[in-house]
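User: I am new to this structure and would like to know what the terms used for it rest on. Please take me through them one at a time.

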There are 2 protein chains.
Amino acid sequence: MRNILGREIPEYIQGYGEVEPFKGAFASLGQVVKKPVKLESAVPKQEKLLDSIRDALQKCNIKDGMTVSFHHHLRNGDYVLNMVLEEISKMGLKDIKVAASSIFPIHEPLVEYIKTGVVTGIYANYISGPVAEAISRGQLKNPAIMHTHGGRARAIEAGDVEIDIAFIAAPTCDTYGNINGVEGKSACGALGYAVPDAQYAEKTVAITDNLIPYPACPIEISQEYVDYVVEVESIGDIKGIVSGTTKITKDPVGLRIAKMTSELIQISGLLKDGFSFQTGAGGTSLAVAAYVKELMQKNNVKGSFAAGGITGYMVEMFEEGLFDALFDVQCFDLKAVKSYRDNKKHQKMSASMYGNPHNKGAVVNNLDVMILGATEIDVDFNVNVTTGSNGMIMGGSGGHSDTAAGAKLAIVVTQLIKGRLPIVVDRVTTVTTPGETIDVLVTERGIAINPSRKDLIQKLEKTNLPIMSIEALKNMAEEMTGVPEKVELYDEVVAVIEYRDGTVIDVVRKIKD
Amino acid sequence: MRNILGREIPEYIQGYGEVEPFKGAFASLGQVVKKPVKLESAVPKQEKLLDSIRDALQKCNIKDGMTVSFHHHLRNGDYVLNMVLEEISKMGLKDIKVAASSIFPIHEPLVEYIKTGVVTGIYANYISGPVAEAISRGQLKNPAIMHTHGGRARAIEAGDVEIDIAFIAAPTCDTYGNINGVEGKSACGALGYAVPDAQYAEKTVAITDNLIPYPACPIEISQEYVDYVVEVESIGDIKGIVSGTTKITKDPVGLRIAKMTSELIQISGLLKDGFSFQTGAGGTSLAVAAYVKELMQKNNVKGSFAAGGITGYMVEMFEEGLFDALFDVQCFDLKAVKSYRDNKKHQKMSASMYGNPHNKGAVVNNLDVMILGATEIDVDFNVNVTTGSNGMIMGGSGGHSDTAAGAKLAIVVTQLIKGRLPIVVDRVTTVTTPGETIDVLVTERGIAINPSRKDLIQKLEKTNLPIMSIEALKNMAEEMTGVPEKVELYDEVVAVIEYRDGTVIDVVRKIKD
């Protein structure tokens, strides 16, 4: 079978099931039914505090085959997933499915559990490091299922992912399960990705290294969703949890891309009062923010909001009054954590509020401009941020597809060539985000506009910006690098890439090298 | 049929259905399944702002027989219920069910819609004024169904009350449906009772008189739950929305009751660090708070939290450091609104988080002491706050049954005689709250302890407090007033009183006078 993007996908995938093919970015909108949540109601005076993770697993009646979930606000400093899986492994359990919003190099111990059959399934929105490599080599029994940030919330709410036990890494938690991320030695800020887990899991366990007396105000995840609380020595390594100050690139190529991008944004007409903006934490993305900031200051533009994982740079723009509010699903650095804690217009959002296509309107729907990265982008503007050109998993959508679908202007910024390989290609190794939701590609050598955006082409063709077709960019790259060899892969599907609505946009196949 | 309290209740009630009889305050705890929420997902770039309430009703496809819901944070100043019902009536709709968390005298226009068959059903936690009278006289086609505050949240979440369209009175709302109650000319503070409506209704419409640009931070009800926004001139009369300063009683009888109550609380052993407390806004209840405050100051007690509808008096105790936090479902006065807006330890709670027995632990479960009122209390400690002794509906549980069930020490404070009628009776006209959840009755003439609280009796019998049996209090009252005549009522059931778990604890019958 081929889906609407021409991707070859089996109709049935062993360990995944029937495939519902991707039919277009907005084809699934309409009537939605969420799953009926099951839970056990609390008896007044019943205590929630338990002595250990083992106790919690036993109280939750963990069994072979169950799904346990985790969230990634502690990023590459997270101890919680490893601690829980270690205990699960010690208990001799098998066939466990891990639903982690993201998986990082720190989660390397998972590889061993994959090999021993303790873990046979993984759901994640982003996977990098040894676990990604193990999956790419076909070591996981069932194909990994990769979501977007909003799509994961959707899948949990719809019951496509049925979480038996959710584990919440809680920087601060009280004895009755109220959680916040703004206090404690592992303070990481907003806990947006954990919200659907807590609300829809049958059992929810808070793991904290800052147990405080009731109540843990300001409460981000409420006691009404938490069954048990376990205190541990440490939930994470602060060095991995938050980065220091995020820095703007100094690379002249990156700066050139950023400068052109900011000019393009201005010409688009969106850079006016009420402007809304999201960008990642990468150096070039931040450079775009810096140029946009200059333009906003120069033209006295008062923006509406910036959203996303929030960086200190966005906080600065907010504090200077360039944005009225911040929407935050996850804080990237300490400055963001502090701002989120102290300023009520630095507003939390759950993963569902952020990007779920199946609610009454996510924040991504209100974005004017989104700055995106790409590992590859093809002549149909389809973007790959899931696999390297060698086919190895090294990331995933995260909020890429969600913001691209929501934003009025979704711009991919990238160098034309990276590591001697062209970024613009005929056909991406894996489609993460469909081309119909990408409006512009900006490279140092030229800018390509999605042909469907005739309005934008009209506005830009009268300017000095180097507008050209995406095929021209591809040819330019190939002239420098040669046409890259097509990577050889096995047929075996090692990961299923679900679009935010749960349809299958692509699959990842087992690598050969 | 008689339920466990000996109340005579039909097995089947016309317009209500099969009766599930009350089986005890904690009999229903255990496995819970919430209803699968239905909604229509938003299309990016779709607008939510509509021109009028009529537009909203049409867009929501309102039909005969549907259920529309309202919340009561604007109390006796609320215009929204009346505006919506007026439009529904003008559209010629019939057989509409109104699910309002409370109904006040300002909702008198509803009486006409009841008479004309526009409205044939009412769900509410509290009903006073002309609508209560109309129901008591049998004018509503189907029996009214009365919940507790927590029970209403449970019923909505379980699908026992299926809301087709929820109307949220929004003191501040942005163009994409984010709502807060802390800004705007109709600012009323926390919006806790509206949260289950927004989350579980098929359609949700925000009605606001303070439409602001996106986003309306701090967001209390999120865009992800709101379909449409309508701007109106005014959502309410500020004089009815918030009272001025709530005042402590000056009546010596009330003060005597309050003083004894505070002594009892101290003797109970609960008045120590971590103490938690809730009381209503009545003069005697506030007097209890005043005496408790003195004791806390004297004994240097650092309390955990106060909860409930929050009054300025509780805010003062909080600001003086007597409580670490406030849990607020509804602000009673401007001082509470301001504190809720400015202090992050003045914590919002939804109706479900407040009192729903079918979640993983409501705030009421953590209450040490709850101060309650009573219209009548019988020798089994069953309390009536729903009907007057003439059988007329004049209130309802609100949070009465929820807090009584949750608190370690639920104390009813009342004068022994009111309006020449004894308050302690053989058998209350209507059971609102079951006696098993009431620990103590304090009157100016004596204190009765629930015989099940042997621990408390033991502690108190060595003190100077006038402890006696509840029968003794009843006899004392009857000696002064004579035995009141039993009120004559028709058999016809005009209201069904559901306990917080949805079982039927009592019914109200049509009055004869």
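Analyst: A salt bridge is a side-chain nitrogen of Lys or Arg within 4 Å of a carboxyl oxygen of Asp or Glu. By that rule, two salt bridges are found across the interface of chain A and chain B. The model is a predicted one.

User: What makes the contact of Asp227(A) and Lys360(B) a salt bridge?

Analyst: The N to O distance between the side chains of Asp227(A) and Lys360(B) is 2.7 Å. The cut-off is 4 Å, between a Lys or Arg nitrogen and an Asp or Glu carboxyl oxygen, so the pair qualifies.

User: How many residues are in contact, and what area is buried between chain A and chain B?

Analyst: In chain A, 62 residues are in contact with 62 residues of chain B. The buried area is about 5,200 Å², and carbon and sulfur atoms give 53% of it. Leu39(A), Glu224(A) and Lys360(A) supply 17% of what chain A buries against chain B, more than any other three residues.

User: Why are E3(A) and strand E4 of chain B said to pair?

Analyst: Pairing needs at least two bridges, and three join E3(A) to E4(B) (residues 38–40), so the two strands pair. They run antiparallel. Within E4(B), Lys38(B) is the bridge partner of Val33(A).

User: Which strands pair with E23(A), and in what sense?

Analyst: Strand E20 of chain A (residues 369–372) pairs with E23(A) in the parallel sense over four bridges. Strand E27 of chain A (residues 440–443) also pairs with E23(A) in the parallel sense, over three bridges. On the E27 side, Val413(A) stands opposite Val442(A).

User: Why is strand E23 of chain A called largely enclosed by the rest of the structure?

Analyst: Buried means under 20% relative accessible area. Five of the five residues of E23(A), residues 409–413, are buried, so the strand is largely enclosed by the rest of the structure.

User: Which residues of E23(A) point one way and which the other way?

Analyst: Leu409(A), Ile411(A) and Val413(A) point one way from E23(A), while Ala410(A) and Val412(A) point the other way. All of these residues are buried.

Note on methods
Residues are numbered from 1 along each chain as its sequence is written. Chains are lettered from A and ligands numbered from 1 in the order in which they are written. This is a predicted model: local features need pLDDT of at least 70, side-chain atom pairs count only at pLDDT 80 or more; totals for chains, interfaces and linings use all residues. Side-chain values use heavy atoms; hydrogens and water are left out. Buried means under 20% relative accessible area, exposed over 50%, partly exposed in between (1.4 Å probe, protein chains only). Contact means heavy atoms within 4.5 Å. Buried area is the accessible area (1.4 Å probe) that two parts lose on being put together, summed over both.
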